[in-house]
Amino acid sequence: MGEQAPLHWTDPTGSDKHFWHRFSPFYRRHFATLGPVGRVLEFGVLNGASIRWLRGLFPAAEIVGVDILPVQPDWPADPAVRYMRADQGDRAGLEVALVGLGAGFDLVIEDGSHVPQHQAACLAAAFPLLRPGGLYVLEDLHTSLPWHALYRHHCAPDTPGSLHLLLAIEHALAVGRPILPAEAARLAAPGLFSAGEVAALAARVAAVEIFRRGSLPLRCWSCGSDRFDYVALRCGCGVSLSLAEPDSMTAVLRAGASG
Ligand SMILES: C[S@@+](CC[C@H](N)C(=O)[O-])C[C@H]1O[C@@H](n2cnc3c(N)ncnc32)[C@H](O)[C@@H]1O
């Protein structure tokens with residue numbers, strides 16, 4: 001993200017969650033089901049825009065921001081917000097750091113590196129921290145589409161990642177049957193999910209909803225303009241706005257009773 005956008009463009013987020021991906025109405029609908037919110041965790045702080053947004057949405061909550069970076073000068077300094085430094089790519093270190101936070105989170109948002117292996121590591125390690133009925137947001141799930149550059153860079157062809165797993169869990173819930181052991185084994189891959197992690201997530205996830213933007217962004221992520229060529233589906237600066245791009249997917253998962 002570049003400069004802070006003017007307020008009339010941003011709604012409360014000031015983050016690309018709203019002006020580019022247009023995730024925020026989808027989130028608002030799910031967050032309204034949470035009831036009182038006491039603990040929130042977000043991976044990926046960047047310039048603190050989404051921490052400020054979460055602070056406004058959940059004024060009574062303790063908010064934990066996790067990032068590979070040390071605390072930056074523009075991150076909100078607030079007694080209700082604390083920061084933890086962790087690398088999503090260091091699976092063992094991440095697990096230790098998360099265990100230290102303890103369970104009982106109402107909401108976890110994963111908006112970090114978007115590398116498929118990191119998305120899997122966070123989902124496996126942080127989903128168990130949710131209280132029953134809590135929500136896990138896996139943002140920028142489109143990077144696990146097999147034709148996305150990050151997937152192609154980090155995964156061999158046909159490697160199952162978070163998107164495959166969430167599609168499988170959503171499908172199994174929709175048709176009313178469990179994920180079978182052979183299916184769990186097929187969804188496992190080194191560096192992503194083990195068969196045990198697939199089984200544990202399938203057993204605990206009570207609902208999955210996947211969102212994909214089907215409209216134009218409010219403004220361009222690159223130049224900030226809202227003057228688009230509606231026929232070529234491009235911003236005036238050249239950025240593609242085609243709906244065929246692997247872009248702007250997110251998922252909300254609800255935790256069932258703890259195992
Ligand atoms: C997409 S930005 C976060 C945006 C922010 N949540 C918002 O909506 O304003 C991604 C963040 O992930 C952090 N990040 C990148 N790689 C990481 C890693 N391996 N572990 C933890 N954080 C990482 C970056 O430093 C950056 O702050």
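This is a predicted model: local features need pLDDT of at least 70, side-chain atom pairs count only at pLDDT 80 or more; totals for chains, interfaces and linings use all residues.

Me: In what order do the strands of the open sheet stand?

Reply: Strands of a sheet pair through backbone hydrogen bonds, in either the parallel or the antiparallel sense. Here 7 strands form an open sheet with mixed pairing, in the order β3-β2-β1-β4-β5-β9-β6. Because β3 (81-85) and β6 each have a single partner strand, they stand at the edges, and one side of each lacks a neighbour in the sheet. On average, neighbouring strands of this sheet are turned by 15° against each other, direction ignored.

Me: In which sense do β1 and β2 pair?

Reply: Strand β1 (residues 39-43) and strand β2 (residues 62-67) pair in the parallel sense, over 5 bridges. R39 has E62 in β2 as its bridge partner.

Me: Which residues of helix α10 are buried?

Reply: In α10 (residues 195-204), the buried residues are E197, V198 and L201. They lie on the same side of α10, because they cover an arc of only 100° around the axis. Their cover includes α6 (116-126), α8 (162-175), α9 (181-186) and β6 (205-212).

Me: Is D140 buried or exposed?

Reply: A residue counts as buried if 20 or more other C-beta atoms lie within 10 Å of its own. D140 has 24 C-beta neighbours inside 10 Å, so D140 is buried. D140 lies in the loop between β5 (130-139) and α7 (149-154), and has a positive phi of about 60° although it is not a glycine.

Me: Where is L46 placed?

Reply: L46 belongs to the loop between β1 and α4 (49-57). L46 is not a glycine, yet has a positive phi of about 50°. With 18 other C-beta atoms within 10 Å, L46 is partly exposed.

Methods:
Residues are numbered from 1 along each chain as its sequence is written. A residue is buried if 20 or more other C-beta atoms lie within 10 Å of its own, exposed if 12 or fewer, and partly exposed in between; C-beta atoms are placed from the backbone. Helices (H or I, at least four residues) and strands (E, at least two) are DSSP runs, numbered from the N terminus. The arc is that of the directions from the helix axis to the C-beta atoms. Two residues are in contact if their C-beta atoms, placed from the backbone, lie within 7 Å. Two strands pair if DSSP finds at least two bridges between them. Axes are lines fitted to C-alpha atoms, for helices over the stretch in contact, and angles run from 0 to 180 degrees between N-to-C directions.
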